[in-house]
Amino acid sequence: MKILISNDDGYLAPGIIALADALSAIAEITVVAPDSNRSGSSNSLTLDRPLWVERAGNGFYYLNGTPSDCVHVALTGLLPDRPDLIVSGINQGQNMGDDTLYSGTVAAATEGFLFGIPAIAFSQLHKGWEHLDSAARIAREVVERQFDAIAKPYLLNVNIPNLPYAELKSCVATRLGKRHMSEPVYKMRDPHGKDIYWIGPPGGVKDAGEGTDFHATANGHVSITPLQIDLTHAAQLADLKKALA
């Protein structure tokens with residue numbers, strides 16, 4: 001099996017190093033990741049400047065672009081062979097509910113999915129890398145499942161509680177929960193008297209009912225959510241057709 005690995009925390013992040021170590025035992029891996037932290041970059045591609053690729057001493061490739069750039073360049077110009085699987089992460093912090101819209105971790109996996117390749121995004125629930133070895137072990141086990149019963153390509157979003165391996169409960173299939181609206185921006189003045197703004201934290205959890213990713217991880221389970229790309233509001237389509245008639 002050939003696996004392409006990327007992330008949004010950068011090629012030096014502990015999460016991607018742990019993921020590469022875990023998967024190298026079961027597959028031929030290639031790592032192509034951003035040169036620095038690109039969290040929150042979503043599915044953006046860099047179209048206003050050229051991109052360069054360098055190779056680190058550990059064999060990882062790193063790119064001066066977004067997670068989507070990394071996977072796109074790898075698949076269309078860097079790799080000699082098409083990988084069997086795209087794996088992104090392990091992210092420092094959860095990507096659940098509405099967070100998936102902004103996540104660079106999920107975006108890297110999504111880019112592979114758009115090219116018709118199965119893809120999995122992995123995130124730890126909390127920042128700090130606590131019990132990262134446990135998360136990497138879970139990631140390997142999830143990849144080894146291969147999910148032959150699911151139509152390919154698939155796009156899976158996996159969130160892992162920061163717990164010792166022995167304390168983690170089973171992997172469960174979930175849907176995305178929902179958050180309240182984001183908190184307001186922080187406004188302040190820089191040393192030159194100019195107003196500057198920092199994006200506020202995400203809103204609190206609104207829907208964490210049974211069956212959601214929030215509920216599963218809060219109860220010690222590993223959450224696996226299948227994602228799709230079609231944004232069509234199917235329920236409104238018929239009404240729109242009537243309105244336009």
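Which residues have the most contacts inside the largest nonpolar core? In this predicted model, they are Ile120 and Phe122, and the core that contains them has 37 residues. At least two residues of this core are supplied by each of strands S1 (2-6), S2 (28-34), S5 (85-91), S6 (119-124), S7 (155-160) and S13 (222-226), and by each of helices H1 (14-24) and H4 (132-145). Helix H4 gives the most, with seven residues. Beyond its neighbours within four places in sequence, Phe122 is in contact with Leu19, Val87, Ser88, Gly89, Ile90, Asn91, Thr105, Ala139, Val142, Val143, Val158 and Ile160. A second, separate core comprises 18 residues, among them Val32, Ala74, Leu79 and Val106.

The packing of two helices was also examined. Helix H2 (residues 67-78) packs against helix H3 (residues 104-114) at an angle of about 25°, and their axes lie 7 Å apart. H2 is therefore roughly parallel to H3, and their crossing is right-handed. Pro67, Ser68, Val71, His72 and Leu75 form the H2 side of the contact, while Gly104, Ala107, Ala108, Glu111 and Gly112 form the H3 side. By class, the residues of this contact comprise five nonpolar, four polar and one charged.

Within helix H2, Val71 has a relative accessible area of 0% and is therefore buried. Apart from residues up to four places away in sequence, Val71 touches Leu4, Ser6, Ile86, Ala108, Glu111 and Gly112. The C-alpha atoms of Val71 and Ala107 are separated by 9.4 Å, with the two residues 36 apart along the chain.

Definitions and conventions: Residues are numbered from 1 along each chain as its sequence is written. This is a predicted model: local features need pLDDT of at least 70, side-chain atom pairs count only at pLDDT 80 or more; totals for chains, interfaces and linings use all residues. Side-chain values use heavy atoms; hydrogens and water are left out. Axes are lines fitted to C-alpha atoms, for helices over the stretch in contact, and angles run from 0 to 180 degrees between N-to-C directions. Helices (H or I, at least four residues) and strands (E, at least two) are DSSP runs, numbered from the N terminus. Angles under 35 degrees count as roughly parallel, over 145 as roughly antiparallel, 65 to 115 as roughly perpendicular and the rest as oblique. A crossing is left-handed if the near helix is turned anticlockwise from the far one by less than a right angle, and right-handed if clockwise. Contact means heavy atoms within 4.5 Å. Ala, Val, Leu, Ile, Met, Phe, Trp, Tyr, Cys and Pro count as nonpolar, Asp, Glu, Lys and Arg as charged, and the others, Gly among them, as polar. Buried means under 20% relative accessible area, exposed over 50%, partly exposed in between (1.4 Å probe, protein chains only). A nonpolar core is a set of buried Ala, Val, Leu, Ile, Met, Phe, Trp, Tyr and Cys residues joined through side-chain atoms within 4.5 Å.
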